[in-house]
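Please read this briefing with the sequence and the structure side by side. It takes up a few places in turn, grouped by topic.

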Amino acid sequence: MAEAVLVKNEFKTKYILRGLACTSCAAKIEKAVQELPYVVEAELNLAASTIIIKGSERTKNMDKELQFIADKIENGVKVEKEGKRTLRQENNTSKKERAKDNTDITKKSNYQYRFWSGVGIFILALISLQVPILTDGFFNFYFKYFLFGSSYLLIGSPVLIAAFKNIKRGQVFDENFLMSIATLGAFAIQEFPEGVAVMLFYMVGEMFQEKAVDHSRRSIKDLMDIRPDYANLKQGEKTIKIAPEDVQVGDIIVIKPGERVPLDGEVLKGSSLVDTSALTGESVPRRVKSGEEILSGMINKTGLLTVKVNKEYNQSTVAQILDLVENASAKKAAIEKFITKFSRYYTPVVVYSALAIAILPPLFLAGASFSDWLYRSLIFLVVSCPCALVVSIPLGFFGGIGRASRQGILVKGGNYLEALNDVKQIVFDKTGTLTKGEFVVSKIKPYNNHSKDEILIKAAYAESHSTHPIAKSILEACEYKIDNNKIEDYQEFSGRGIKAVIDGQEVLVGNNKLMDQEQIDYQEVTEEATEATIVYIAIDNVYAGYITIADHLKDDSLKAIKALKQAGIREITMFTGDRENVAQEIAKRLGLDNYYAELLPAQKVEKVEELLKKQDKKDKLIFVGDGINDAPVLARSDIGVAMGGLGSDAAIEAADVVLMTDEPSKLVTAINTAHKTRQIIWQNIIFALGIKGIVLIMGTLGIATMWEAVFADAGVALLAVLNAMRISRNP
């Protein structure tokens with residue numbers, strides 16, 4: 001292996017591992033990469049066939065080192081560095097992948113032919129045992145060796161070859177080694193039918209496991225179908241097809257009916273129905289028209305749309321979702337990490353234990369037969385194979401993440417899916433999370449000889465640079481055209497409001513905290529409807545009046561709170577920067593356990609830290625929010641949940657779970673999916689260890705035969721895999 005040339009710099013690189021199908025091999029590759037001196041972390045995603053490597057130094061020969069590791073552990077895996085590709089390169093790669101797929105299909109077809117030939121010979125051999133002329137004498141021994149040996153080699157050749165190659169590479173203790181020793185040992189003591197049967201059912205189990213992995217991989221790839229193939233870039237009167245990665249912000253693209261939206265942008269011309277199901281899981285089409293935002297990943301159904309691109313591809317909605325889905329399976333749950341580590345030490349212990357069972361009793365027990373205890377040790381080896389757990393547990397988490405994705409819920413890793421089972425506290429942000437965030441000016445009250453129009457116009461000028469929903473509602477209510485040249489100075493006070501100089505007049509627009517801060521003699525509003533938000537206005541340090549802004553609860557907020565309580569959530573709290581009486585009324589209507597009002601962004605983090613200190617160590621706290629100010633508290637909570645449909649990029653980036661439909665009730669769906677995933681995984685663990693434990697004891701005592709061992713290994717593995725696949729079925 002060539003010496004790595006290192007350059008001091010932090011790095012994060014993704015590689016594609018084409019042809020990787022073995023679960024245990026994937027774990028070994030990940031471990032070997034993590035042991036490289038300059039690698040800080042390696043996350044291998046079997047479902048997406050990728051590995052992300054994070055390190056303190058960059059090596060020019062990283063791809064060669066990774067290929068060396070892959071060749072050592074699973075020959076045939078091709079390592080490629082992921083990078084930006086042109087449309088032509090994508091097409092060429094697709095051709096290569098199709099050619100490789102055809103080669104793989106040919107190889108599998110050839111083995112299938114050999115496998116079924118071996119099964120046929122095995123059946124013939126079993127029948128021959130019932131023919132009297134063949135059951136006695138010297139001829140019988142060689143006849144059985146020939147028939148059973150031929151079927152054994154035809155069926156088990158991949159296992160024998162893999163075991164031999166792994167021994168040459170120093171990878172001795174794995175399931176191939178276990179099966180090879182057990183079956184060859186059965187032949188050595190002339191238990192021919194059992195030897196072939198063990199290999200036959202092991203290979204059947206392997207086929208089902210491979211099919212299950214492929215099924216999970218396809219379900220992930222199905223989610224990846226939202227990736228756009230091209231963009232129609234408008235150049236003068238012509239349009240050309242280019243890769244979405246090559247489109248720049250500000251470019252104009254054309255989206256025809258039936259095409260997938262390649263990049264986020266604003267509709268300049270046209271109106272159409274768009275299918276948003278790939279992003280939200282909702283099947284009802286949505287209409288977009290000129291002036292509205294359209295997101296990548298949607299499918300244009302009816303009209304021709306001209307769109308101005310406002311985000312580069314790698315920042316677009318579809319790229320973020322693809323990144324989340326691709327990398328979700330790489331973040332392993334604690335139980336996955338345990339099983340991987342467990343199997344690493346488990347197999348050598350099993351081999352040495354089997355060796356002790358074969359050798360020690362004949363040495364120390366009077367009348368003990370070596371062949372009898374060797375047979376028992378072979379049963380021990382067969383039963384002890386950890387495939388049922390090593391394969392079915394990752395499959396369970398693959399399925400759970402895929403199931404959630406189809407429901408419009410993006411879970412960023414198996415660790416977060418597992419953590420959802422232990423949630424006892426949920427904290428909701430108010431605006432845009434429990435409420436619609438669609439504010440409307442409901443009342444304007446002037447004071448001190450000011451008119452309604454005057455204070456509305458002044459407020460609109462002051463709020464013209466703000467992106468807050470309240471600011472937008474004031475701007476929408478003001479019919480006067482805003483001239484930004486009239487704004488001479490502008491200051492924004494987080495959680496309080498805005499100070500601006502407009503036409504030489506100092507204007508204050510904000511809540512009572514801003515009025516108190518600037519020492520304004522104002523009349524605090526107490527008689528207004530408690531759900532309204534009050535915006536106070538002062539002009540040249542004189543109170544000018546107030547504007548009432550109304551917001552409304554989301555349609556399913558009440559249903560979500562009730563369902564969460566039924567799901568066992570102990571405490572549900574609401575955070576808001578709004579007034580005490582507004583928060584109190586909403587908390588009462590929703591039946592919340594607690595609320596905190598008039599909070600600044602930093603205070604939200606402090607409150608979450610207080611709640612975290614009070615809870616038990618095993619319990620988890622969720623914070624649900626949608627705004628850019630929620631990013632710090634999303635990151636600080638045990639599990640951050642972002643509302644993805646209308647949520648800010650910062651909130652989605654900081655969150656661990658993203659609800660694409662902006663419905664609080666989706667959180668209940670996410671928790672239920674986590675419960676179902678954990679339930680099936682523990683079913684597999686208890687079932688596999690229970691059956692194996694019983695048969696191990698029976699085999700050691702001489703009660704069980706190799707046939708029971710076959711069921712305890714291949715049968716249990718097959719049932720565990722089929723059980724794990726139940727998670728990924730359509731909800």
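In which strand does Asn232 lie? Asn232 lies in strand 5, which covers residues 231-235; helices (H or I, at least four residues) and strands (E, at least two) are DSSP runs numbered from the N terminus. This is a predicted model, in which local features need pLDDT of at least 70 and side-chain atom pairs count only at pLDDT 80 or more, while totals for chains, interfaces and linings use all residues. Residues are numbered from 1 along each chain as its sequence is written, and side-chain values use heavy atoms, with hydrogens and water left out.

**Asn232**
- Asn232 counts as buried at 4% relative accessibility, where buried means under 20% relative accessible area with a 1.4 Å probe and protein chains only.
- The side chain of Asn232 makes a polar contact with the side chain of Glu259 at 2.8 Å, a polar contact being a pair of N or O atoms within 3.5 Å, of which, within protein, one must be able to donate a hydrogen and the other to accept it, and residues adjacent in sequence count only if both atoms are side-chain atoms.

**Lys412**
- Lys412 lies in the loop between strand 14 (409-411) and helix 12 (414-419), and at 9% relative accessibility Lys412 counts as buried.
- The side chain of Lys412 reaches the backbone oxygen of Ala655 at 2.6 Å, and the C-alpha atoms of Lys412 and Val658, 246 residues apart along the chain, are separated by 8.3 Å.

**Helix 5**
- Of the 14 residues of helix 5 (residues 175-188), 11 are buried, so helix 5 is largely enclosed by the rest of the structure.
- Just after helix 5, Gln190 takes a positive phi of about 65°.

How values were computed: Buried < 20%, exposed > 50% of the residue type's maximum accessible area, 1.4 Å probe, protein only. Expected span 1.5 Å × (residues − 1).
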